[in-house]
Amino acid sequence: MDKNLREVVATFSIVGFDPGSGELGIAVQSKFLAVGAVVPFAKANVGAIATQSWANTSYGPEGLKLLEEGKTAQEVLDILIAKDQDRALRQVGIIDAKGNAASYTGEGCHDWAGHYVGKNFAAQGNILVSKETVEAMADTFEESTGSLAERLLKALEAGGKAGGDSRGEQSACLYVVKDKGGYGGFNDRYIDLRVDDHQTPIQELIRIYQLQRLYFSKPDPEDIMTIDTEMREDISRQLVDLGYATDAESLINEDEKFYTVLTAFIHTENFEERELEKGLIDAGVLDYMMRKE
């Protein structure tokens, strides 16, 4: 393989916007170590940018600044590539906070390279098996439902199944921002997940996303369960097996001790967001507990 091909940030990505939630995000995969450290840039209420191929990472902060000034995605794209002497080597996808999307593929990008711009998204890729990767991402994003993160992941997974990076897989990233969406509401980093080096990075990213939802989202009403006698006995024995107590019978028979130990498990495992009043438990927490060894 040509030395330059090993140095280029060859990848496929999708930037998207959810008009309902206001979320903006990027999903990306590449045969490149820690692609999440290079490609994605986003700011709540401003926009999202994916810069790749011979990635010019200045496109991220400069592009977001231009978007914040009120320029559209296409206007920002035109400004960025106009002043870049190596624009023929670049590939970039941009979406603004109104859902306007734009994408660019320089003529110097390695085949297959191209992009597709649709309503509230832009999909792009280079050194791909074929154009079917980008088409699959576009079709899946347009047809899928759910949160922005779920739609981005579905699109990324479809792109991989359609061929993906012709050199193989290595890393993937999901980055979604929304106003005060970060931990504790102190920043906009709503979902920031990376798989830096893995044989199947997209599937690993999906697995980590599911854990992220379990840890940091609140219970759905349909997942709230009443702790009946049989469930309490099962939980008590499992808490003993996991080392949180030494006597299951005392947990079964003593309310205060049972809920003290159950609370210790919930806090130790970082499930505070899913902690419920006495007598109730989240189905996801229960499933996690009973599967844990």
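User: Why is cysteine 173 called buried?

Analyst: Buried means under 20% relative accessible area, with exposed over 50% and partly exposed in between (1.4 Å probe, protein chains only). Cysteine 173 has a relative accessible area of 1%, so it counts as buried. One heads-up: this is a predicted model, where local features need pLDDT of at least 70 and side-chain atom pairs count only at pLDDT 80 or more, while totals for chains, interfaces and linings use all residues. Residues are numbered from 1 along each chain as its sequence is written, and side-chain values use heavy atoms, with hydrogens and water left out.

User: And what makes cysteine 109 buried?

Analyst: Its relative accessible area is 8%, so cysteine 109 is buried too.

User: What makes the largest nonpolar core a core?

Analyst: A nonpolar core is a set of buried Ala, Val, Leu, Ile, Met, Phe, Trp, Tyr and Cys residues joined through side-chain atoms within 4.5 Å. The largest one here has 27 residues, and Leu152, Leu174 and Ile191 are among those with the most contacts inside it. Helix α5 (148-161) is one of the elements that give two or more residues to it, and α5 provides the largest share, six residues. A second, separate core has 20 residues, including Tyr259 and Phe271.

User: Which residues does leucine 174 touch?

Analyst: Contact means heavy atoms within 4.5 Å. Leaving aside neighbours within four places in sequence, leucine 174 is in contact with Ile26, Leu152, Ile191 and Tyr209, among others.

User: How do you know that the length of α6 agrees with a helix of 16 residues?

Analyst: Helices (H or I, at least four residues) and strands (E, at least two) are DSSP runs, numbered from the N terminus. The expected span is 1.5 Å times one less than the number of residues. For α6 that should be 22 Å, and its end C-alpha atoms are 22 Å apart, so the two agree. Among the buried residues of α6 are Ile202, Leu205 and Tyr209, and their cover includes β1, α5 and β9.

User: Why are β3 and β6 called edge strands?

Analyst: Two strands pair if DSSP finds at least two bridges between them. The open sheet runs in the order β3-β4-β5-β6, with antiparallel pairing, and β3 (40-43) and β6 (101-105) each pair on one side only. Four bridges join β3 to β4, and proline 40 stands opposite alanine 50 in β4.
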